[in-house]
Amino acid sequence: MLAEIKGLNEECGIFGVWGHKDAAQLTYYGLHSLQHRGQEGTGIVVSDGKKLTGVKGEGLVAEIFTTEAMKELQGTAAIGHVRYATAGGGGYENVQPLLFHSQSGSLALAHNGNLVNATSLKHQLESQGSIFQTSSDSEVLAHLIRRSGFQHMSDQVKNALSMLKGAYAYLIMTETVLMAALDPHGLRPLSLGCLGDAYVIASETCAFDVVGAEYIRDIMPGELLIINENGVTSERFAHSSTKAICMMEYVYFSRPDSNIQGINVHTARKNMGKRLAVEAPIDADVVTGVPDSSISAAIGYAEASGIPYEMGLIKNKYVGRTFIQPSQSLREQGVKMKLSAVRGVVEGKRVIMVDDSIVRGTTSRRIVSLLKEAGATEVHVVISSPPITNPCFYGIDTSSKEELIASDKSVEEIRQLIGADSLTFISLDGMVKALGQEGSNGFCLGCFTGNYPTEIYPDTLQYYYQRG
């Protein structure tokens with residue numbers, strides 16, 4: 001998304017291929033490996049050099065791309081998207097890639113992130129005659145590109161990108177070119193790989209492993225990568241600002257087998273667990289993690305503390321990721337369906353429960369209750385991120401500030417609400433050092449500190465706080 005049910009919902013995942021006869025099939029596998037980043041909708045658009053064709057729908061990758069659907073996707077270039085709805089909400093029309101046709105040619109785009117000036121840009125564009133097909137902020141870029149007065153496509157795209165503020169990793173495709181762009185702060189991960197003579201671009205490097213591609217490098221902040229029949233060229237649309245990759249990519253969102261800016265996610269989480277063992281030494285019998293994203297940190301805590309790691313919680317893998325349920329009552333029911341405590345492991349034991357974050361607190365309370373109902377004599381909760389006290393404006397649905405339990409409650413008050421015998425959050429400094437860094441430069445820590453790398457526009461603030 002937290003144990004996948006907690007209100008900190010994921011961003012999106014994008015995947016692209018250029019120059020491969022099985023572009024659509026590779027994109028299918030790439031999206032499947034990125035499914036954890038979004039489960040509400042998915043789509044693929046392919047190019048055969050003359051036209052763009054797309055298939056999309058609300059649901060999982062395996063549900064939308066049936067054998068019949070894949071037959072429609074013939075071409076040597078493709079972009080794909082898995083979506084969790086943030087700005088603009090859900091609905092079929094908002095499922096990406098977005099595909100536009102005009103007399104001057106077709107354009108498809110896929111976006112991971114969130115634009116903080118989307119509303120003001122939409123008002124400006126509508127006043128100039130634009131008609132939006134979706135309520136997604138992602139569509140703004142297409143209108144800016146088409147309204148650009150530049151002759152060459154690359155100049156049109158660079159001019160349009162320079163007007164955007166916020167977090168964005170974009171894939172843009174026409175009949176004859178594939179482009180990748182990353183915002184000037186590099187808030188979202190995006191990497192380039194190769195598969196023989198073909199090029200592959202993905203939100204996470206785990207997608208390269210799935211399709212057999214070789215990692216080349218990360219896309220740089222403020223960079224526009226252009227791939228066509230002449231190969232790969234790199235241009236800049238913005239000077240690189242202070243780099244600020246989202247810290248929650250390491251804490252929760254990305255798959256453990258992905259590398260982000262050269263740092264393996266599993267190793268980072270394991271080191272966070274080790275730091276927690278130093279910052280929060282606890283006398284207990286077993287350590288357990290909340291599946292799946294907290295397992296690495298739990299292993300690290302166990303190694304550093306000398307307390308054995310045990311599988312005290314089991315996830316039912318046949319239940320969908322219930323965090324996408326629209327109401328709190330359904331999310332809470334999802335916890336009961338999703339997780340079970342292993343009585344044979346926790347009964348009569350003092351348990352250290354490692355989790356990656358606490359958002360609303362309702363899920364943590366239920367998991368603590370599960371462990372105690374299974375016979376745990378004590379449940380000590382340790383969290384591998386600091387308290388989340390502020391919303392994220394960059395594509396992670398952390399709800400309004402009023403719904404974040406740590407925004408107005410102390411650690412002790414949260415402990416009492418979730419029913420734990422003790423509660424400890426990792427320090428901000430400890431979390432950063434777990435990634436091998438000595439300072440917070442290079443990371444977006446806005447949800448922990450309230451200090452954001454970009455200006456937050458009034459209409460964006462109004463949208464988030466009205467949700468409370």
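Ser-130 is buried in this predicted model, because its relative accessibility is 9%, under the 20% limit for a buried residue. The residue sits in the loop that runs between helix 4 (118–127) and helix 5 (140–147). Its side chain makes a polar contact of 3.3 Å with the side chain of His-143.

**Ser-130 and helix 5**

- Leaving aside residues up to four places away in sequence, Ser-130 touches Leu-125, His-143 and Arg-147.
- His-143, the polar partner of Ser-130, is one of the buried residues of helix 5.
- The buried residues of helix 5 are Val-140, Leu-141, Ala-142, His-143, Leu-144 and Ile-145.
- Helix 5 is largely enclosed by the rest of the structure, because six of its eight residues are buried.
- The elements packed against these buried residues are strand 5 (98–102), strand 6 (105–115), helix 4, helix 6 (153–161) and strand 7 (166–173).

**Nonpolar cores**

- The largest nonpolar core has 49 residues, and those touching the most other members are Met-247, Met-248, Tyr-250, Tyr-301, Ile-352 and Leu-435.
- Elements that each supply at least two residues of this core include the helices 8 (248–253), 9 (265–279), 10 (295–305), 15 (428–434) and 16 (446–449).
- Strand 14 (244–246), strand 20 (350–355) and strand 23 (442–444) also each supply at least two residues.
- Leu-435 touches Met-247, Tyr-250, Ile-263, Ala-268, Met-272 and Phe-443, with residues up to four places away in sequence not counted.

**Salt bridges**

- The structure holds 23 salt bridges.
- One of them joins Glu-249 and Arg-188, whose closest N and O atoms are 3.9 Å apart.
- Glu-249 belongs to helix 8 and Arg-188 to the loop between strand 8 (178–182) and strand 9 (191–195), so this pair ties together parts that are 61 residues apart in sequence.
- Both partners are buried: Glu-249 has a relative accessible area of 0%, and Arg-188 has a relative accessibility of 1%.
- Glu-223 and Arg-217 meet through their side chains in a salt bridge of 2.6 Å, N to O.
- In that pair, Glu-223 is buried at a relative accessible area of 2%, whereas Arg-217 is partly exposed at 28%.
- Glu-412 and Arg-415 form a salt bridge in which the closest N and O atoms are 2.8 Å apart.
- These two residues lie three residues apart in helix 14 (residues 411–418), so about one helical turn separates them.
- An α-helix has 3.6 residues a turn, so residues three or four places apart point the same way.
- Glu-412 is partly exposed, with a relative accessible area of 39%, and Arg-415 is partly exposed at 21%.
- Elsewhere, salt bridges that share partners join Arg-37, Arg-188, Glu-204 and Glu-249 into one network.

**His-36**

- His-36 lies in the loop between helix 1 (23–33) and strand 2 (41–47).
- The residue counts as buried because its relative accessibility is 14%, below the cut-off of 20%.
- A polar atom of the His-36 side chain lies 3.3 Å from the backbone oxygen of Ser-33.

**Backbone features**

- Gln-96 and Pro-97 are joined by a cis peptide bond, with omega about 5°.
- Pro-97 is in the loop between strand 4 (77–83) and strand 5.
- A cis peptide bond also runs from Pro-291 to Asp-292, where omega is near -5°.
- Asp-292 falls in the loop between strand 17 (286–289) and helix 10.
- Gln-261 has a phi near 50°, which is a positive value in a residue other than glycine.
- The loop holding Gln-261 lies between strand 15 (259–260) and strand 16 (263–264).
- With a relative accessibility of 31%, Gln-261 counts as partly exposed.

Methods
Residues numbered from 1 in each chain as written. Predicted model: local features only at pLDDT ≥ 70, side-chain atom pairs only at ≥ 80, totals over all residues. Heavy atoms only, no water. Helix = DSSP H or I, 4+ residues; strand = E, 2+ residues; numbered from the N terminus. Buried < 20%, exposed > 50% of the residue type's maximum accessible area, 1.4 Å probe, protein only. Polar contact = N/O pair within 3.5 Å; in protein donor to acceptor, adjacent residues only side chain to side chain. Core = buried A, V, L, I, M, F, W, Y, C linked by side-chain atoms within 4.5 Å. Contact = heavy atoms within 4.5 Å. Salt bridge = Lys/Arg side-chain N within 4 Å of Asp/Glu carboxyl O.
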